[in-house]
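Have the sequence and the 3D view open as you read.

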Amino acid sequence: MAKSENYVYPVRNFRFLNGVKKIIISLFFTFLCYGVIQPISLLDWKKQENANFIIYYRHVIPESFISTLLSLSSVYYEIITDGIGYTYYNKHWIGDERCKIFLYKDKADFVNTGGGSYYSGGNADLINKVIRFYATSEELTKSVLPHEIAHLIFRDAVGLRLASWYVPLWLDEGVAQYFEDEIAKKSRNQILQSLVRTNRLMSWNDLMEGDAYSIAFYTQAASMIEFLIKKGGIEQFAMFCNKLKNGNYLDESVRFAYSGLGYSKAQDIYTDWVKSIKKKNIKKN
Ligand SMILES: [Zn+2]
């Protein structure tokens, strides 16, 4: 089995942390790992479905909760496909191609029978379009759900190449973080301001290496995606994704989609973004 057929995006859940530290870290920490997906028996699950999603859930979870989750998943699906300009192709999550969500009862169920990590709130299997969560996760509907749906949609849009000269981790995580809720966005802006003020912004090289344990990494990644989509427009971002999907390298894809902004390589996005946030920070002070 090829490496790309095994990879999963776990999402974070830092329940062992307290107070503000917990809130801030839980909003931003997530990491990429490679793991073998456990085979799933459908015998122990109930099911609700709509046009784009099938939710398999434990019998003890109330049906009303599942109905809400199902509707919310569809709302996020629309927001995210629209948000990255992937709507022209948005009828692909139908029939057998629908996203499958497995909702475990609680963390113990998720870890012990779902093979999830104790330190994550869920994970997404990109190849099989499967997301796994647990019902008692505090951040399920506002952060975990949009984050993981965004991972799946983005990888539909750019393809599954893992190497950083195609799609570096900051692009994946930036898109996923970008679609998290408003509270996450507010915290992101505060962290970003603090990074600028204290001269701790990550360099381009560090960003490309992808430090999966760094708040700065996730904050900058999300902010750069927001900057790129707002400055370049959704249509250009869709074009950029399409170039990557067609097998072009990162720099080539940037050059093709963003020559109008004067970018000839991916690092130019970073350079322009740094200028922009430093300018914003000066205005605030
Ligand atoms: Zn992620």
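A residue counts as buried here if 20 or more other C-beta atoms lie within 10 Å of its own, and as exposed if there are 12 or fewer. Keep that cut-off in mind for what follows.

## The chain at a glance

This is a predicted model. The chain has 285 residues, and 40% of them are buried. Its secondary structure comes to 11 helices and seven strands. Take the contacts between residues at least 6 apart in sequence: 69% of these join residues at least 24 apart.

β7 pairs with β5 (residues 99-104), and the two run parallel, joined by five bridges. In that pairing, Ile 101 stands opposite Ile 131 of β7. β7 also pairs with β6, this time in the antiparallel sense and over four bridges. There, Gly 122 has Phe 133 of β7 as its bridge partner.

## Two hairpins

β6 and β7 make a hairpin with four residues between the strands. Lys 129 lies in the loop between β6 (120-125) and β7 (130-134), and its phi is positive, about 55°, although it is not a glycine. Is Lys 129 buried or exposed? It counts as buried, because it has 20 C-beta neighbours inside 10 Å.

The other hairpin is formed by β3 and β4, with three residues between them. Strand β3 (residues 46-49) and strand β4 (residues 53-57) run antiparallel and are joined by four bridges. Lys 47 has Tyr 56 in β4 as its bridge partner.

## Loop residues on the exposed side

Asn 199 sits in the loop between α6 (182-197) and α7 (204-209). Like Lys 129, Asn 199 has a positive phi without being a glycine, in this case near 60°. Asn 199 is exposed, with 6 other C-beta atoms within 10 Å.

Val 60 is in the loop between β4 and α2 (63-83). Val 60 is exposed too, with 10 other C-beta atoms within 10 Å. In sequence, Val 60 and Lys 105 are 45 residues apart, yet their C-alpha atoms are 7.2 Å apart in space.

## Where α5 crosses α8

How do helix α5 (residues 169-178) and helix α8 (residues 215-232) cross? Their axes come within 7 Å, at an angle of roughly 75°. That makes α5 and α8 roughly perpendicular to each other. On the α5 side, the contact uses Trp 170, Glu 173, Gly 174, Val 175, Gln 177 and Tyr 178, which meet Phe 217, Tyr 218, Ala 221, Ala 222, Met 224, Ile 225 and Glu 226 in α8. By type, the contact residues are nine nonpolar, two polar and two charged.

Apart from its neighbours within four places in sequence, Val 175 is in contact with Ile 84, Ala 150, Phe 154 and Ile 225. The C-alpha atoms of Val 175 and Ile 80 are separated by 9.2 Å, although the two residues are 95 apart along the chain.

## Helix α9 and what covers it

Helix α9 (residues 234-245) has 12 residues and reaches 16 Å from first C-alpha to last, close to the 16 Å expected at 1.5 Å a residue. Its buried residues are Phe 237, Ala 238, Phe 240, Cys 241, Asn 242 and Leu 244. What lies over these buried residues? The cover includes α4 (140-158), α8 and α10 (250-258). After α9 comes Gly 247, with a positive phi near 95°.

Methods. Residues are numbered from 1 along each chain as its sequence is written. This is a predicted model: local features need pLDDT of at least 70, side-chain atom pairs count only at pLDDT 80 or more; totals for chains, interfaces and linings use all residues. Axes are lines fitted to C-alpha atoms, for helices over the stretch in contact, and angles run from 0 to 180 degrees between N-to-C directions. Angles under 35 degrees count as roughly parallel, over 145 as roughly antiparallel, 65 to 115 as roughly perpendicular and the rest as oblique. Two residues are in contact if their C-beta atoms, placed from the backbone, lie within 7 Å. Ala, Val, Leu, Ile, Met, Phe, Trp, Tyr, Cys and Pro count as nonpolar, Asp, Glu, Lys and Arg as charged, and the others, Gly among them, as polar. The expected span of a helix is 1.5 Å times one less than its number of residues. Two strands pair if DSSP finds at least two bridges between them.
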